[in-house]
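Hi,

Here's the structure I promised to pass on. Have a look at it first, and then read on for what turned up.

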Amino acid sequence: MAAALALAARTRGRTAPNPNVGCVIVSDGRVVGRGWTQPGGRPHAEAMALAEAGAAARGATAYVTLEPCAHRSPRGPACADLLVAAGVARVVAALTDPDPRTDGAGLARLAAAGIAVSTGTLAPAARESIAGFLTRRTLGRPQVTLKLATSLDGCIALADGESRWITGAEARAHAHLERARHEAILVGRGTREIDRPRLDVRLPGLENRAPQRVILSSRLVDAPGCTVIASPADIATLPGDHLLVEGGAGAASAFLAADLVDRLLIYRAPILIGGGRAALGDIGLASLADAHGRWRLDDARALGSDRLETYVRQR
């Protein structure tokens with residue numbers, strides 16, 4: 001299942017409205033098929049893995065990060081039917097599918113065909129893997145990640161606005177990888193007008209994964225090639241299941257004040273600025289007590305001389 005989750009990560013941010021799913025087929029202790037949801041949502045992971053496995057799928061075990069779909073589509077057959085036709089003996093799914101067209105029906109169809117089924121293996125990791133898909137279906141909006149690159153004293157720029165570069169090359173490369181994993185990227189109008197960020201992906205081999213550019217502005221702006229939204233509440237209209245908010249302080253504060261941030265990426269450089277521009281403005285806290293218990297540290301790592309901390313909103 002861990003291998004299937006690694007495969008699922010390959011196309012995160014490229015499969016909407018379908019979830020990014022991974023599948024590994026094992027026969028006699030040997031991997032005979034691997035698959036992951038392809039860009040645009042098809043083929044599904046199971047179809048790809050079964051095509052690779054061929055006749056070796058008969059009697060094998062399929063590990064899949066999400067319940068095989070049960071609904072038929074003009075774009076392809078139901079994965080539950082494909083697994084039955086292939087003659088697999090067992091299907092291990094990390095999660096059941098919340099899509100009402102499947103939601104248990106896929107596993108039921110497999111069981112009715114005499115296939116052993118089980119769920120729950122590495123379920124927390126699987127939920128994290130498709131968090132954008134789940135957020136869209138439960139809250140009607142994309143999962144929002146807020147990225148902040150700061151000095152040790154919480155500044156994002158000098159007092160005169162100079163901000164290139166707060167962090168080093170390794171941290172910036174990681175931030176570009178994050179861009180490649182999101183369908184849309186947002187900055188505030190002020191940041192766009194002052195910094196003119198390209199908002200693209202500048203990593204070899206991933207240049208074609210540049211997200212849709214979004215500008216947050218309460219007034220009309222001339223922004224060719226960009227989508228303009230008036231408030232954070234408008235993110236439900238954006239494409240895809242993952243939105244990366246990159247700045248500046250006004251946009252970051254607006255999303256936090258609206259409690260629309262699900263994930264924080266804080267890149268911290270080992271520098272002190274003093275008297276610089278703060279990473280955040282007012283985020284609407286009524287008391288210090290309200291600040292506690294909101295964020296759980298999910299990951300921490302060194303990126304060159306910088307440090308990345310990832311936090312998840314506790315809801």
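Let's start with a pair of helices: the axes of H2 (residues 45-53) and H3 (residues 79-86) come within 9 Å of each other, crossing at roughly 20°. Since angles under 35 degrees count as roughly parallel, that makes H2 roughly parallel to H3. As for handedness, the H2/H3 crossing is left-handed. On the H2 side the contact is made by Glu46, Ala47 and Leu50, and H3 brings in Cys79, Leu82, Leu83 and Ala86. Sorted by class, that contact between H2 and H3 has six nonpolar residues, one charged and no polar ones. Do keep in mind that this is a predicted model.

The other thing to look at is Arg179, which sits in helix H7 (residues 169-180). Is Arg179 buried or exposed? Its relative accessibility is 8%, and buried means under 20%, so Arg179 counts as buried.

What does Arg179 touch, once you leave aside its neighbours within four places in sequence? The contacts are Ile185, Leu199, Asp200, Val201, Arg202, Arg209, Pro211, Leu244 and Glu246.

Cheers

Technical notes:
Residues numbered from 1 in each chain as written. Predicted model: local features only at pLDDT ≥ 70, side-chain atom pairs only at ≥ 80, totals over all residues. Heavy atoms only, no water. Axes fitted to C-alpha atoms, helices over the stretch in contact; angles between N-to-C directions. Helix = DSSP H or I, 4+ residues; strand = E, 2+ residues; numbered from the N terminus. Parallel < 35°, antiparallel > 145°, perpendicular 65-115°, else oblique. Left-handed = near helix turned anticlockwise from the far one by under 90°. Contact = heavy atoms within 4.5 Å. Nonpolar A, V, L, I, M, F, W, Y, C, P; charged D, E, K, R; others polar. Buried < 20%, exposed > 50% of the residue type's maximum accessible area, 1.4 Å probe, protein only.
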